[in-house]
Amino acid sequence: MLGDLRDPWVVVGHRRVVGFDEPVAVLLVAVLHFLADAEWPGEVVAVLCDGLPAGSSRTPRAASPTAVPPRPSAAGPPPA
């Protein structure tokens, strides 16, 4: 199955590929930040997660520049 995250209805429509009769996991790790605000990332998550069976797991996570500490300079620490 090929699809595009910006068109989550295609994914939800493939119920033969993704079985929604049992709990499933929706893992959106380090991908949501690729969607522009105009592409409605919140709605994408809602479409993918609405109607999931009981016991399902949702993990929407976006990368954040504040989540990664800055790399030390190759020249060493700044002078005091």
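Figure 1. Arg6 is partly exposed, with a relative accessible area of 45%, where partly exposed lies between buried, under 20% relative accessible area, and exposed, over 50% (1.4 Å probe, protein chains only). The model shown here is predicted, so local features need pLDDT of at least 70 and side-chain atom pairs count only at pLDDT 80 or more, whereas totals for chains, interfaces and linings use all residues. Residues are numbered from 1 along each chain as its sequence is written, and side-chain values use heavy atoms, with hydrogens and water left out. The side chains of Arg6 and Glu39 meet in a salt bridge at 3.3 Å, N to O, the term standing for a side-chain nitrogen of Lys or Arg within 4 Å of a carboxyl oxygen of Asp or Glu. Because Arg6 lies in the segment before helix 1 (8-13) and Glu39 in the loop between strand 1 and helix 2, this pair ties together parts that are 33 residues apart in sequence. Helices (H or I, at least four residues) and strands (E, at least two) are DSSP runs, numbered from the N terminus.

**Figure 2. Asp4, Arg6 and Glu39 as a network of salt bridges.** Side chains of opposite charge can pair when their charged atoms come close. Asp4 forms a salt bridge with Arg6, in which the closest N and O atoms are 2.8 Å apart. Asp4 is partly exposed, at a relative accessible area of 32%, and Glu39 also counts as partly exposed, at 26% relative accessibility. A search of the whole structure finds two salt bridges.

**Figure 3. The largest nonpolar core, with 13 residues.** Such a core is a set of buried Ala, Val, Leu, Ile, Met, Phe, Trp, Tyr and Cys residues joined through side-chain atoms within 4.5 Å. Those with the most contacts inside this core are Val26, Leu28, Leu32, Val45, Leu48, Cys49 and Leu52. Strand 1 (25-29) and helix 2 (41-49) each supply at least two residues of the core, and helix 2 gives the most to it, with five residues. Leu48 touches Leu5, Pro8, Val11, Val12, Val26 and Leu28, not counting residues up to four places away in sequence, a contact being heavy atoms within 4.5 Å.

**Figure 4. Helix 2 and what covers its buried residues.** In helix 2, the residues Val44, Val45, Val47, Leu48 and Cys49 are buried, and their cover includes helix 1, strand 1 and strand 2 (57-61). Helix 2 is followed by Gly51, whose phi is positive, near 80°. For orientation, the protein follows the pattern α-β-α-β when read along the sequence, and buried residues make up 20% of its 80 residues.

**Figure 5. Ser56 in the loop between helix 2 and strand 2.** Ser56 is buried, with a relative accessible area of 14%. Its side chain reaches the backbone oxygen of Pro53 at 2.8 Å and the backbone nitrogen of Val24 at 3.1 Å. Ser56 also touches Pro23 and Val24, when residues up to four places away in sequence are not counted. Among contacts in the protein between residues at least 6 apart in sequence, 73% join residues at least 24 apart.

Key
A polar contact is a pair of N or O atoms within 3.5 Å; within protein, one must be able to donate a hydrogen and the other to accept it, and residues adjacent in sequence count only if both atoms are side-chain atoms.
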